[in-house]
Amino acid sequence: MPDTHSSADPLTRELDSRIQAGNLDIPMLPEVAQKVIAITNNPDSSASELVKVIQGDQALAARVMRIANSAAYSPNASIVSLQQAIARLGMVSIRDIALAASINARMFKAPGYEDRIGAMWRHALATALWCKEIARRARMNVEAAFLCGLLHSVGKPIMLQETLDVAGAEELQPELDLLLEIVDELHLDAARLALEHWRMPELIIDAVTHQDDYQEAGNGKDQAKLIRAGKQFASHFLFNELDKDTLLALPAMADLNLYPDEVAELYEQSDTVNQGLEAMRA
């Protein structure tokens, strides 16, 4: 019978070896997401270029319009075109909507663990929305905040599918707790490889890789602070992790130069974030 115990050592040895060799099964970043990121990172790009890219994918265009017309984004008036959506909401918001619609849980393959990956991605999306809210409150540039939050845990589904692949090859049946322990231990290494493979900006790579030790994040330090705070806000409201007092006293908040009253006001934005989350998941 396959071994169901003591499987961490052979699993982690093989996974460490794959990571060191850069030999993980990194999913393809959807082409439209690559183009959207390239356009919005180019200061010389125009709204018409973004419209053209999104319109090139009819399913994506329809979803972007549906989200743009949701109560979270357009509570008082309907939007009838992508051009109008960009004019009203701005290129950054439309970029975020397009990325959330194109980079999602369907990129990852782990049969039997679809619900687990779905929960990971819901948390990533909530983190992205909280990162953006926190950036606004901290009077920081919000352009990279959403993408950093969205990609902060991208290594988790990658490591989950990689661990299951290795376990199958070794005829091991690790229990769920062990799987998740391995994922938590190695996901930042996997994220770094994925973001490098996808040619993400160095700031985002540094922020995601050093989210748990943001003083080491170099040019991505501010974004890493946002991730640190945003993911804990997301965990609090999605999974009831951390009590409110602990959440409001997070060291990252002080490091973002937010005063206690500002953090308390931020906490009250949960309905706004939840509206955005539901709109993007629709």
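Ser 70 sits in the loop that joins α4 (58–68) to α5 (82–89), where helices (H or I, at least four residues) and strands (E, at least two) are DSSP runs numbered from the N terminus. This is a predicted model, in which local features need pLDDT of at least 70 and side-chain atom pairs count only at pLDDT 80 or more, while totals for chains, interfaces and linings use all residues. Residues are numbered from 1 along each chain as its sequence is written, and side-chain values use heavy atoms, with hydrogens and water left out. Ser 70 has a relative accessible area of 16% and is therefore buried (under 20% relative accessible area, with exposed over 50% and partly exposed in between; 1.4 Å probe, protein chains only). Leaving aside residues up to four places away in sequence, Ser 70 touches Pro 75 and Ala 279 (contact means heavy atoms within 4.5 Å).

Turning to the chain as a whole, its secondary structure comprises 16 helices and 0 strands. Its radius of gyration is 19 Å, close to the 19 Å that the globule rule gives for 282 residues, so the chain is as compact as a globular protein of that length (taken over C-alpha atoms; the rule is 2.2 Å times the number of residues to the power 0.38). Of the 282 residues, 52% are buried. Among contacts with a separation of 6 or more, 70% link residues 24 or more positions apart.

Because 10 of the 12 residues are buried, α6 is largely enclosed by the rest of the structure; the buried residues include Arg 95 and Asp 96.

Pockets come next. The largest pocket holds about 490 Å³ of space (a pocket is an open set of points on a 1 Å grid over the protein atoms alone, where a 1.4 Å probe fits, with protein on both sides within 12 Å along at least five of seven lines; lining residues have an atom within 4 Å of a point). Its lining has 19 residues, with His 123, Lys 156, Ser 235, Phe 239 and Glu 241 nearest the centre. Helices α7 (114–137), α10 (176–197) and α12 (221–239) each supply at least two lining residues. The second largest pocket holds about 420 Å³, and of its 18 lining residues, Asn 104, Ala 105, Arg 106, Gly 118 and Trp 121 are the closest to its centre. Here α7 gives the most, with 7 residues.

Definitions and conventions: Points joined across faces, edges and corners; volume = space filled by probe spheres on them.
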